[in-house]
Amino acid sequence: MDYDEEPHGVYFFIDNKSFYASCESVKRGLNPLRSILVVMSEQANTNGGLILAASPMAKKLFGISNVSRQRDLPNDPRLLIVPPRMNLYIKKNLQINDVFTEFTDENNILPYSIDESLLDMTHTWHLFGNSLRNVALKIQEEVRSRLGLYTTVGIGDNPVQAKIALDVYAKHDSDLVGEIHYKDVPNKIWNIQNLTSVWGIGKRTAANLNHLGIYNMNDLAHANPYLIKEKMGIIGLQLFATAWGIDRSNLRQPMHTKEKSYSNSQVLPRDYTSRSEIEIVIKEVASQVASRIRNHHLQTGWITLFIGFSFATKQVTGSSGFSQSMKINPTDDSYELGRDLTELFERNWNGEMIRNIGVEYVHLSPKVGEQLDLFRDNQRTIKQNVLNKTGDQIRKQFGNAALLNANSLCNGATAISRSNLVGGHNGGNSYE
Amino acid sequence: MEAIPMNSDVTLVGNKILANIDHLFLRVPGTRYWMMIVNNVFDYEYDWFLSSKKKYQQERSQPLYVISNYDLEFLEAIVNYVGKRNLLTTYYRNFGNLVWPTAQRKIQS
């Protein structure tokens with residue numbers, strides 16, 4: 001294979017080892033690699049407790065994986081259980097990315113997730129060492145000495161090579177550094193036997209590949225690309241390129257989404273069967289998303305409601321829930337959106353037990369003025385608009401729970417209990 | 001602006017810590033409770049935790065407070081204020097050979 005025409009750069013994919021658990025270990029004056037600690041969310045909707053992260057030692061000793069449940073935890077006195085503090089992890093992520101800006105400029109850093117970043121080091125790496133591995137070690141040392149956290153680095157000639165080097169090789173390397181270059185593709189990518197260990201291949205994609213007689217990366221690299229494209233579309237072709245270590249993405253080119261949308265969803269603390277309780281939550285979520293679009297001076301013309309059934313209902317009916325959409329006159333009004341969504345719910349609900357609720361607003365357009373309606377009291381519409389905006393301002397300044405509808409005090413409402421959560425887990429602000 | 005005297009800061013922070021202890025110290029029978037104060041050399045702050053443990057079970061550690069005023073004299077004043085109002089054993093971590101500035105005793109349990 002001639003790679004001369006392919007983009008050649010220097011990319012570092014950097015991941016924090018057991019990030020949440022490491023942050024909590026450092027806060028407690030413990031070494032993140034030696035502590036035996038798990039971060040457990042004990043929100044009402046986690047069914048007794050959900051393990052968000054386990055330290056490397058906890059994983060090694062007890063085989064704990066993330067997203068295990070409290071019941072999977074051994075009753076071992078060596079184990080330390082701590083609650084999550086999502087705001088702390090966001091703060092630490094920003095501090096880590098700050099360290100990275102000393103190695104390459106901000107435009108060449110792509111924060112990929114809360115604990116992973118991709119750095120384009122093409123033009124700067126040689127300023128910090130005489131080999132890529134040395135530069136990686138220097139970045140690791142800088143993060144460790146300043147923040148106490150251990151990082152894992154994958155190095156590649158393009159982003160996908162760096163990501164595979166990180167996921168497959170760096171985690172097992174004594175220095176926590178992995179490297180893949182074009183010349184290493186046959187040795188380091190084709191010999192990967194487990195398809196799901198490769199970025200972009202989940203269980204379902206792996207099953208689809210298996211149907212085509214592809215069981216490892218060597219099979220994928222030597223499969224017929226036309227057949228893959230025919231069966232799996234453009235994604236299949238992208239995976240074929242991955243198998244050859246090819247990635248032509250340009251990090252500096254901004255991504256344009258086809259259509260932006262805003263959504264929020266939540267897992268309820270228990271199974272809901274009462275219509276009034278479910279409708280309260282639908283209205284709360286509707287109002288939450290409405291507030292977000294108002295913040296961006298947008299209005300929606302298309303609303304979608306997702307309802308997920310409880311485990312027991314799924315077993316009996318075989319259906320996991322429903323998703324229904326409706327075209328509406330463009331609006332950003334919490335009341336109208338809540339009313340339309342509850343109408344959608346009432347039309348489609350047949351008394352099933354419910355565990356998940358989600359709301360999405362699509363077909364967003366800029367809100368340039370108030371659309372008056374001949375069949376409505378326009379004074380009322382204008383008043384409602386002012387009320388929404390005032391409510392948003394109060395919540396922005398004093399927090400989400402500062403001003404709520406009275407029905408948020410009724411049984412089943414979740415807005416108050418969720419007001420301090422970040423990404424569905426404890427934000428941790430109350431400790432400061 | 002006039003500087004607020006340190007004593008009122010001590011009262012303010014101390015009372016906040018005591019309120020958090022009240023909230024988390026559930027006095028579950030058969031459970032040992034203690035406080036842990038960590039000298040956080042990375043964030044330049046003192047992190048307070050309330051730990052609890054039932055016999056033969058896992059330890060739980062809950063954040064109590066973060067003192068971002070990284071000054072041992074201030075910490076000593078807070079520890080004295082809180083210590084007079086609750087009897088939980090306090091452990092210290094990562095203080096090495098540091099000494100309390102006023103009492104001139106080594107920082108230890």
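Predicted model: local features only at pLDDT ≥ 70, side-chain atom pairs only at ≥ 80, totals over all residues.
Residues are numbered from 1 along each chain as its sequence is written, and side-chain values use heavy atoms, without hydrogens and water.

Next I looked up the contacts (heavy atoms within 4.5 Å). I found 23 residues of chain B touching 29 residues of chain A.

Then I turned to salt bridges, meaning a side-chain nitrogen of Lys or Arg within 4 Å of a carboxyl oxygen of Asp or Glu. Five of them link chain B and chain A. I picked out Asp43(B) with Lys92(A), at 2.5 Å from N to O.

Which elements of chain B face chain A? Helix 1 (6–24), strand 1 (31–40), strand 2 (45–54) and strand 3 (59–67) of chain B each supply at least two residues to that side. I took helices (H or I, at least four residues) and strands (E, at least two) as DSSP runs, numbered from the N terminus. Strand 3 of chain B gives the largest share, eight residues.

I also checked the pairing of strands, which needs at least two DSSP bridges. Strand 4 (residues 80–82) of chain A runs parallel to strand 3 of chain B, joined by two bridges. Leu80(A) stands opposite Glu59(B) there.

Last, I looked within chain A. Arg248(A) and Glu6(A) form a salt bridge, with their closest N and O atoms 2.7 Å apart. Arg248(A) is in the loop between helix 9 (225–243) and strand 9 (262–272) of chain A, and Glu6(A) is in the segment before strand 1 (11–16) of chain A, so this pair ties together parts 242 residues apart in sequence.

Conventions
Chains lettered and ligands numbered in written order.
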